[in-house]
Amino acid sequence: MSPSISVLLFAGTVAVVRSIMRKQDANEPNSNELQADAHAALSLVSPEQTLHLVRNRRSIFTKQFTVIEDMLEAAKWAPNHHITEPWRFYVYESRRGRESVGILLQELYKNSCAPVEDDGSSKKKHFSQAKYDKKLKGAMLASHIMAICVKTDTKNPIVEEVCSVAMAVQNMHLVATSHGVGAYWSSGGIHLGRGNVSSHLGFVNPKELTEFLDSGDDEPVICLGWLYIGDYYGSSRAHSKVWPLGRRGDIRDKVVWR
């Protein structure tokens with residue numbers, strides 16, 4: 001075989017191999033496609049959908065509705081060290097239950113205010129009838145009220161358990177948002193005052209609140225607040241309601257890269 005023919009045959013072989021490799025590359029999924037396939041196989045929402053949901057979560061005062069089971073299911077999947085699952089939720093669903101929360105919050109608010117004869121030395125806020133009435137009104141507007149509590153006798157530092165509970169609440173918020181349901185985390189009535197630092201959290205629950213939440217199972221818990229839940233669109237002006245816009249500063253102002 002002449003040298004010229006050998007060169008031609010070599011060049012042809014190289015061309016064929018390159019052609020085959022190009023076809024394999026074309027058929028091979030890229031990293032984005034692999035990620036999409038993984039999400040589809042696990043029935044996961046896309047990163048874009050997740051970020052959209054996070055951006056649109058809002059604290060919203062509520063009307064009547066219920067998606068509680070889905071929200072609680074989401075709550076249990078929050079990260080928690082040693083799988084202690086420190087969240088404890090007390091759900092008030094009936095009219096009587098929600099009314100009892102409203103009356104308790106009215107009592108706690110009134111007890112936290114300065115007495116009528118106060119000359120300012122107590123440094124307590126003055127009583128407002130409007131705020132007092134709003135405690136009960138807000139409770140009755142909600143479909144459900146959930147006492148958000150943390151179990152305090154686990155093997156983890158309390159700060160870790162509080163963080164886990166907060167992430168569980170965020171999960172519930174996101175599920176509520178996906179249903180178009182409003183939710184609002186209130187800290188009303190959960191502490192005796194800013195000056196009381198006799199616990200690991202820097203506050204203790206009022207005695208009336210501890211007794212109100214008593215479930216009879218002797219689990220030590222601290223209440224971190226109340227989650228009001230209800231249908232954001234469920235009013236006579238539903239046709240004019242739009243999901244509220246978010247307000248946040250530039251994240252770059254709160255981040256240090258090192």
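Is Arg252 buried or exposed? Arg252 is exposed, at 67% relative accessible area. The cut-offs here are under 20% for buried and over 50% for exposed, with partly exposed in between, using a 1.4 Å probe on protein chains only.

A word on the source. This is a predicted model, where local features need pLDDT of at least 70, side-chain atom pairs count only at pLDDT 80 or more, and totals for chains, interfaces and linings use all residues. Numbering runs from 1 along each chain as its sequence is written, and side-chain values use heavy atoms, with hydrogens and water left out.

Salt bridges next. The rule is a side-chain nitrogen of Lys or Arg within 4 Å of a carboxyl oxygen of Asp or Glu. That gives five salt bridges. Arg252 is in one of them, with Asp250, at 2.6 Å between the closest N and O atoms. Asp250 is partly exposed, at 31%. Then take Lys151 and Asp153, whose side chains meet at 2.6 Å, N to O. Lys151 is buried, at 14%. Asp153 is partly exposed, at 44%. Also among the five is Lys76 with Glu73, at 3.5 Å. Lys76 has 38% relative accessible area and is partly exposed. Glu73 is partly exposed too, at 38%.

Now the backbone. Most residues other than glycine have a negative phi. His82 has a positive phi, near 60°. Glu85 has a positive phi as well, near 45°. Where does His82 lie? His82 is in the loop between helix 4 (68–75) and strand 1 (87–92). Glu85 is in the loop between helix 4 and strand 1. Helices (H or I, at least four residues) and strands (E, at least two) are DSSP runs, numbered from the N terminus. His82 is partly exposed, at 45%. Glu85 is partly exposed, at 33%.

On to helix 7. Its 21 residues should span 30 Å at 1.5 Å a residue. The expected span is 1.5 Å times one less than the number of residues. The end C-alpha atoms of helix 7 are 31 Å apart, which agrees. Buried residues in helix 7 include Ile158, Val165, Met172 and Leu174. After helix 7 comes Gly180, with a positive phi near 75°.

The core. A nonpolar core is a set of buried Ala, Val, Leu, Ile, Met, Phe, Trp, Tyr and Cys residues joined through side-chain atoms within 4.5 Å. The largest one has 42 residues, and Met71, Trp226 and Leu227 have the most contacts inside it. Elements giving two or more residues to this core include helix 4, helix 5 (95–112), helix 7 (158–178) and strand 4.

Last, the second largest pocket. How much space lies in it? About 230 Å³. Helix 8 (207–213) and strand 4 (221–231) are the elements that give two or more residues to its lining. The lining has 14 residues, and those nearest the centre are Thr210, Leu213, Asp214, Glu219 and Val221. Strand 4 gives the largest share, three residues. By type, the lining divides into six nonpolar, four polar and four charged. Nonpolar means Ala, Val, Leu, Ile, Met, Phe, Trp, Tyr, Cys and Pro; charged means Asp, Glu, Lys and Arg; the others, Gly among them, are polar. A pocket, on a 1 Å grid over the protein atoms alone, is an open set of points where a 1.4 Å probe fits, with protein on both sides within 12 Å along at least five of seven lines; lining residues have an atom within 4 Å of a point. Grid points are joined across faces, edges and corners, and volume is the space filled by probe spheres set on the points.
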